[in-house]
Amino acid sequence: MTDVTRAPVLVLNQNYQPLNICDTRRAVKLVGKGKAQTVLESGKFIYTVSDIFERPDVIRLIYMVNRPLQRRKLSRNEIFSRDSYSCQYCGARLRDMTVDHVLPRCEGGEHVWTNVVTACKTCNHRKAGRTPQQAGMRLRTDPIEPRPNPYSFLKIGLLNKAWLPFVPWLVPETNPSSNLEPAVAAGD
Ligand SMILES: [Zn+2]
């Protein structure tokens, strides 16, 4: 088999919910073992010494997989994304944002979802090593841990257009022909 065996295949759960992405080699194996069925073929073929396979684009498991959802990683980008890239003190949306610890670290504040917010540099500077109360500032929202994203495996650059009927929320409603990558990024 050649490199085509590495081409990504969308794996659906038994209930057609996107579950993950695997390579063609694994997809063909799952189908061959009767653990999955091909839902959408690619129209492209894989030639081996003894056989010809039609490469699947989408397969579906014949059994239901209950995958524990992974918690969101506490990173700058995830914090900015949770806060819609806006300063949680003044509401400004700037390119140059910072992460503020609501209860300052020097006061024992932890680096956890419920103690970090997006802040513009001005607000962060003004607040300095104080609590919002001490600084006379108010949070616009209480920071919470965002829900896990079950589709975080759908990364930019991995999206195959053939998968779109199975991930319809990634399709921009107004202009279906526009570049899909930003929509994928926003959903991540
Ligand atoms: Zn601000």
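These legends go with close-up views of a predicted model.

**View 1**

**View 1. The hairpin of strand 1 and strand 2.**
Strand 1 and strand 2 make a hairpin, and five residues lie between them. Look for Tyr 16 in the turn: its phi is positive, at about 70°. The two strands pair in the antiparallel sense over five bridges. To find your way along the pairing, start with Leu 10, which stands opposite Ile 21 in strand 2.

**View 2. The hairpin of strand 3 and strand 4.**
This one is also a hairpin, with four residues between strand 3 and strand 4. The strands run antiparallel and are joined by eight bridges. A handy landmark is Leu 40, which stands opposite Val 58 in strand 4. In a regular strand, side chains alternate between the two faces of the sheet.

**View 3. Helix 1 and its buried side.**
Helix 1 covers residues 24-32, and its buried residues are Thr 24, Ala 27, Val 28 and Leu 30. These residues cover an arc of only 160° around the axis, which puts them on the same side of helix 1. What do they pack against? The buried residues of helix 1 pack against strand 1 (8-12), strand 2 (18-23), strand 3 (36-47) and strand 4 (52-61).

**View 4. The largest nonpolar core.**
This core has 15 residues, and those touching the most other members are Val 9, Leu 10, Val 11, Leu 12, Ala 27, Val 58 and Ile 59. Strand 1, helix 1 and strand 4 each supply at least two residues of the core. Which strand gives the most to this core? That would be strand 1, with four residues. A second, separate core has nine residues, including Cys 87, Val 116, Val 117 and Cys 120. For context, nonpolar side chains tend to be buried together in soluble globular proteins.

**View 5. Around Leu 12.**
Zoom in on Leu 12 and leave out residues up to four places away in sequence. What does Leu 12 touch? Its contacts are Gln 17, Pro 18, Leu 19, Val 39, Val 58, Arg 60, Leu 61 and Phe 166.

**View 6. Pro 56 and its neighbours.**
You'll find Pro 56 in strand 4. Is Pro 56 buried or exposed? Pro 56 counts as buried because it has 25 C-beta neighbours inside 10 Å, and the cut-off for buried is 20 or more. Setting aside residues up to four places away in sequence, Pro 56 touches Val 9, Ala 27, Val 31, Thr 38, Leu 40, Glu 41 and Ser 42. Pro 8 and Pro 56 are 48 residues apart in sequence, with 9.3 Å between them in space, C-alpha to C-alpha.

Key: Residues are numbered from 1 along each chain as its sequence is written. This is a predicted model: local features need pLDDT of at least 70, side-chain atom pairs count only at pLDDT 80 or more; totals for chains, interfaces and linings use all residues. A residue is buried if 20 or more other C-beta atoms lie within 10 Å of its own, exposed if 12 or fewer, and partly exposed in between; C-beta atoms are placed from the backbone. The arc is that of the directions from the helix axis to the C-beta atoms. Two residues are in contact if their C-beta atoms, placed from the backbone, lie within 7 Å. Two strands pair if DSSP finds at least two bridges between them. A nonpolar core is a set of buried Ala, Val, Leu, Ile, Met, Phe, Trp, Tyr and Cys residues joined through C-beta atoms within 7 Å.
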